[in-house]
Amino acid sequence: MTDGVTDPAQERLRRWRLVLGGETADGTGYTPAGQDAAMDGALSALYGKGERARAGRERSAGLGASAPSVARWLGDIRTYFPSSVVQVMQRDAIDRLGLSTLLLEPEMLEAVEADVHLVGTLLSLNKAMPETTKETARAVVRKVVDDLEKRLATRTRAALTGALDRSARVSRPRHADIDWNRTIAANLKHYLPQYRTVVPERLVGYGRASQAMKKEVVLCVDQSGSMAASVVYASVFGAVLASMRSISTRLVVFDTTVVDLTDQLDDPVDVLFGTQLGGGTDINRALAYCQSRITRPAETVVVLISDLYEGGIRDEMLKRVAAMRASGVQFVTLLALSDEGAPAYDREHAAALAALGAPAFACTPDLFPDVMAAAIEKRPLPIPDMT
């Protein structure tokens with residue numbers, strides 16, 4: 001929507017004016033009107049005096065810290081901007097203007113555009129949330145979780161089912177389980193031209209899936225405040241993995257204490273409200289708990305999701321990782337499980353883990369199924385370039 005601006009030069013001035021705001025130094029000479037004026041007002045309310053707002057001298061140019069004015073502003077930005085931009089502006093409003101406490105009001109929650117970052121904010125406010133708001137908050141979280149499951153579940157199940165089948169490959173399969181394409185390829189050197197046939201010396205196939213769990217996965221998730229998005233995604237993936245009969249999944253969250261949320265994995269919303277974002281970090285204690293629950297090391301994948309700022313005993317933590325790897329555990333370290341890339345993290349600890357054969361890297365939700373498939377098959381992990 002351009003309010004009738006069709007000349008390319010004027011359109012550039014219009015866009016610069018909306019970016020720069022209405023200060024006297026903007027230099028565009030363009031005066032917004034109609035919808036442009038409304039968009040400019042919504043932007044100015046949040047960004048017009050950002051520096052002073054951050055310094056604490058003035059909260060904003062026009063966005064008062066009251067539920068009615070914020071609710072009106074939320075309605076305005078949803079009218080004038082696409083959903084992706086609305087989510088960024090909401091996040092900035094919470095960070096820049098200290099509006100988190102307003103999210104404790106049901107009317108506010110009904111007005112916001114829900115996303116992973118909003119869920120993280122709600123979880124951090126969980127203990128302060130009044131009962132009148134909790135039902136609305138759960139509905140907001142439920143919507144985000146359901147959307148994530150729809151996006152991620154099918155691909156995750158497909159990738160891991162394939163990995164489980166390949167990891168179960170056997171050299172003496174039953175007739176119905178023979179992979180004929182692979183068997184022929186493996187025995188081409190035994191082709192008999194006079195009979196125009198291949199005489200297979202080695203059969204390649206897959207063993208029948210037993211009723212027992214074939215693989216065990218332990219998700220060990222840092223719930224310190226900086227890991228909010230990772231906690232959300234880990235809860236969703238934990239629920240998806242737990243729905244697969246061939247995988248036994250355990251979800252452990254930690255700060256300075258350790259909480260096992262495995263019995264809530266049938267509902268990731270319950271998992272999320274069982275977390276408590278914030279606090280310190282004791283990775284060593286969390287890994288000690290996970291290690292004590294491993295019964296079949298050679299069939300176990302442990303995924304540590306943490307920025308590695310250890311508040312516990314560093315040397316003990318590294319010894320536990322080394323011991324688990326020596327016993328046959330596949331150990332994966334993710335600095336984050338989110339779309340934002342690598343956060344600030346402890347590079348010394350990351351280097352020490354890499355030296356043990358457990359390189360630490362940031363992982364997007366779309367890459368996570370491939371990482372887990374590689375870990376299950378015990379092949380090199382698809383580590384993204386972090387430079």
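The model is a predicted one. Its largest pocket holds about 400 Å³ of space. Helix α7 gives the most to the lining of that pocket, and α7 also crosses helix α8.

**The largest pocket**

- The lining of the largest pocket is made up of 24 residues.
- Five of these lie nearest the centre of the pocket: His117, Gly120, Gly225, Ala228 and Ala229.
- Three helices each supply at least two lining residues: α5 (83-97), α7 (116-124) and α10 (228-242).
- The top contributor is α7, with 6 residues.
- Sorted by class, the lining has 11 polar, 9 nonpolar and 4 charged residues.

**Helix α2 against helix α5**

- Helix α2 spans residues 35-47.
- The axes of α2 and α5 come within 10 Å and cross at roughly 35°.
- On the α2 side, the contact is made by Ala42, Leu43, Ala45, Leu46 and Tyr47.
- On the α5 side, the contact residues are Met89, Asp92, Ala93, Arg96 and Leu97.
- This contact of α2 with α5 has 8 nonpolar residues, 2 charged ones and no polar ones.
- Helix α5 also supplies at least two residues to the lining of the largest pocket.

**Helix α7 against helix α8**

- Helix α8 covers residues 131-167.
- The axes of α7 and α8 come within 10 Å, and their crossing angle is roughly 140°.
- The crossing of α7 and α8 is left-handed.
- From α7, the contact uses Val116, Leu118, Val119 and Leu122.
- From α8, the contact uses Ala137, Val140, Val141, Val144 and Leu148.
- The contact of α7 with α8 counts 9 nonpolar residues, no polar and no charged.

**Serine 230**

- Is serine 230 buried or exposed? Serine 230 counts as buried because its relative accessibility is 3%, and the cut-off for buried is under 20%.
- Leaving out residues up to four places away in sequence, serine 230 touches Ile305, Ala336 and Leu337.

- Histidine 349 is placed in helix α14, which runs over residues 347-355.
- Its relative accessibility is 5%, so histidine 349 counts as buried.
- Which residues does histidine 349 touch, not counting residues up to four places away in sequence? They are Leu308, Glu310, Arg314 and Met317.
- Histidine 349 and aspartate 307 are 42 residues apart in sequence. In space, the two are 9.4 Å apart, C-alpha to C-alpha.
- Leucine 308 lies in the loop between β8 (300-305) and α13 (314-326).
- Leucine 308 is buried because its relative accessible area is 0%.
- The phi of leucine 308 is positive, about 70°, although this residue is not a glycine.

**Lysine 378**

- Where is lysine 378 found? It is in the segment after α15 (368-377).
- Lysine 378 is not a glycine, yet it has a positive phi of about 60°.
- With 43% relative accessibility, lysine 378 counts as partly exposed. That class applies because the value falls between the cut-offs of 20% and 50%.

Terms used: Residues numbered from 1 in each chain as written. Predicted model: local features only at pLDDT ≥ 70, side-chain atom pairs only at ≥ 80, totals over all residues. Heavy atoms only, no water. 1 Å grid on protein atoms, 1.4 Å probe; cavity = no way out; pocket = protein on both sides within 12 Å on 5 of 7 lines; lining within 4 Å. Points joined across faces, edges and corners; volume = space filled by probe spheres on them. Helix = DSSP H or I, 4+ residues; strand = E, 2+ residues; numbered from the N terminus. Nonpolar A, V, L, I, M, F, W, Y, C, P; charged D, E, K, R; others polar. Axes fitted to C-alpha atoms, helices over the stretch in contact; angles between N-to-C directions. Contact = heavy atoms within 4.5 Å. Left-handed = near helix turned anticlockwise from the far one by under 90°. Buried < 20%, exposed > 50% of the residue type's maximum accessible area, 1.4 Å probe, protein only.
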